[in-house]
Amino acid sequence: MPDGAAFNTAPPIATLHVLAAFPVLSETFISNEIRALRARGHRVVPLAIAPYDGPCQPEDEAFRAETVALGDQPRLPAMLGALAHPAGLARALAFCRAQRALSLPSLLLAGARAALVARRAGVRHVHAHYAHGAAAIGIVAARLSGLTCSFISHGYDLYGSPTDIPAKLAAADAVVATCEDMKADFLAMRPGTPVHVIPCGVDPARFRRPATPPPSNGRILAIGRLAEQKGYPVLIEALALLPEAERPVVEAVGAGPLLAELQALAAARGVAGQMRFLGPRPSTWIAEHGPAYAGFVAPYVICANGDRDTSPVSVKEAMGMELPVLASTVTGNKEMVTPETGRLVEPADAAALAEGLRWLAGLAPEERRRLGAAGRQRLLDRFTLDRQAECLGAVFAGCRDA
């Protein structure tokens, strides 16, 4: 976390958020961050690198009209602006040459366009989500406009498909990691980098157990894209290891490329009745129906290419709704789930996950309430959106003051 004094006194700051695409259905952590920063008085200008008209959460529709498109920025004024600041141009060119993923002309032009937006919007800091092209463009834009910059990684960009990470660590004024494991991995690549651990937060006023709780439906909830890192095949194998009379019903919210494969696997293992795929649901559905579940399962794994979840928002939403959590020990889960709030198992261990499901389904009501209450308290102490915004504001201000 940022230094305590800065954490308590950081003033609001205007930032340009550089994003690959925005708003995106499965990336609520970005829209939530922007709202939380604005609630603390920060001004945030979202800039999207690529056009996007795909689905998003209903509450994020309003972002479409205000999101600035990088490709709409005029080339000539952008390049003239870059040439007007020789020192900044020299620093931008040095980074363009140090990285390898993007051609120098295309990266310089993209950065110049983003710098043009930054100057016209009057921002003081550039912040990029994901350590791919957004981070590279954000760094160049900051150098060209004489601003400070930071970027945050969310997992895939560091573990599954990393590009020029050491060069970006060297060029950024600050780096945000979503968990301690990620910070350690960044520092192993470049010791001394100013890395701050700031987990993605959730709104505890939205994800909570109602004053009059609904009766338990007896089922276990899972949330996440139907992709390899979510560990659904391990979950199916775990259900198959349990005697049929002891299998809980698990309902998975999410869409993704593995749906047909997972449905076929569940049928082949004889657990199609207990492993149900509900498809995508808006966050309003999660907040409304989540508290009725008996628990939450997050069987995440490390993929063959190294990809993994690092600070899953869905686990924190479950904690906010006072659901006991069964999760694997993949990265950020270790910082969220404790013996007081749930149980951790090793990733890809179907037998251990099966025992965890047996435990979760068999909890006595009073124990379930105790675990759930402790989980919500841990969320309030560590993982709220407001805390995330306060920490980020301190990082942004710290870059300006350094």
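**Figure 1. The two sides of helix α12.** Ala260 and Ala268 of α12 are exposed, where exposed means over 50% relative accessible area, buried under 20% and partly exposed in between (1.4 Å probe, protein chains only). The helix spans residues 259–268, and its buried residues are Leu262, Leu265 and Ala266. Gly270, with a positive phi near 75 degrees, follows α12. Helices (H or I, at least four residues) and strands (E, at least two) are DSSP runs, numbered from the N terminus.

The model is predicted: local features need pLDDT of at least 70, side-chain atom pairs count only at pLDDT 80 or more, and totals for chains, interfaces and linings use all residues. Residues are numbered from 1 along each chain as its sequence is written, and side-chain values use heavy atoms, with hydrogens and water left out.

Figure 2. In α4 (residues 75–83), Ala78, Gly81 and Ala82 are buried. Their arc around the axis is only 100 degrees, which puts them on the same side of α4. Leu76, Leu80 and Leu83, on the other side of α4, are exposed. The cover over the buried residues of α4 includes α5 (86–98), α6 (104–121) and α7 (133–145).

**Figure 3. An open sheet of 7 strands.** The strands follow the order β3-β2-β1-β4-β5-β6-β7, with parallel pairing; two strands pair if DSSP finds at least two bridges between them. At the edges stand β3 (68–69) and β7 (195–197), each pairing on one side only. Helix α6 packs on the sheet and touches β1 (14–19), β2 (43–48) and β3, its direction making about 155 degrees with that of β2. Axes are lines fitted to C-alpha atoms, for helices over the stretch in contact, and angles run from 0 to 180 degrees between N-to-C directions. Helix α7 lies across β1, β4 and β5, at about 170 degrees to β5. Strands β4 (residues 125–129) and β5 (residues 148–152) run parallel and are joined by 5 bridges. Val126 has Cys149 of β5 as its bridge partner.

**Figure 4. Strand β8 and its neighbours.** Both faces of β8 (residues 220–223) are covered, with Ile220 and Ala222 buried on one side and Leu221 and Ile223 buried on the other. Strand β9 (residues 250–253) pairs with β8 in the parallel sense over 4 bridges, and Ile223 stands opposite Val253 of β9. From β8 the chain passes through helix α11 (residues 232–241) to β9 in a right-handed β-α-β crossover: with the strands pointing away from the viewer, the path from the first strand over the helix to the second runs clockwise. Strand β11 (residues 295–298) also pairs with β8 in the parallel sense, over 2 bridges.

**Figure 5. Salt bridges.** The structure holds 15 salt bridges, each a side-chain nitrogen of Lys or Arg within 4 Å of a carboxyl oxygen of Asp or Glu. In the bridge between Asp181 and Lys334, the closest N and O atoms are 2.6 Å apart. Asp181 is in helix α10 (residues 180–189) and Lys334 in helix α15 (residues 333–336), 153 residues apart. Arg276 forms a salt bridge with Glu251, with 3.3 Å between the closest N and O atoms. Glu251 is buried, at 6% relative accessible area, whereas Arg276 is partly exposed at 35%.

How values were computed: The arc is that of the directions from the helix axis to the C-beta atoms. Contact means heavy atoms within 4.5 Å.
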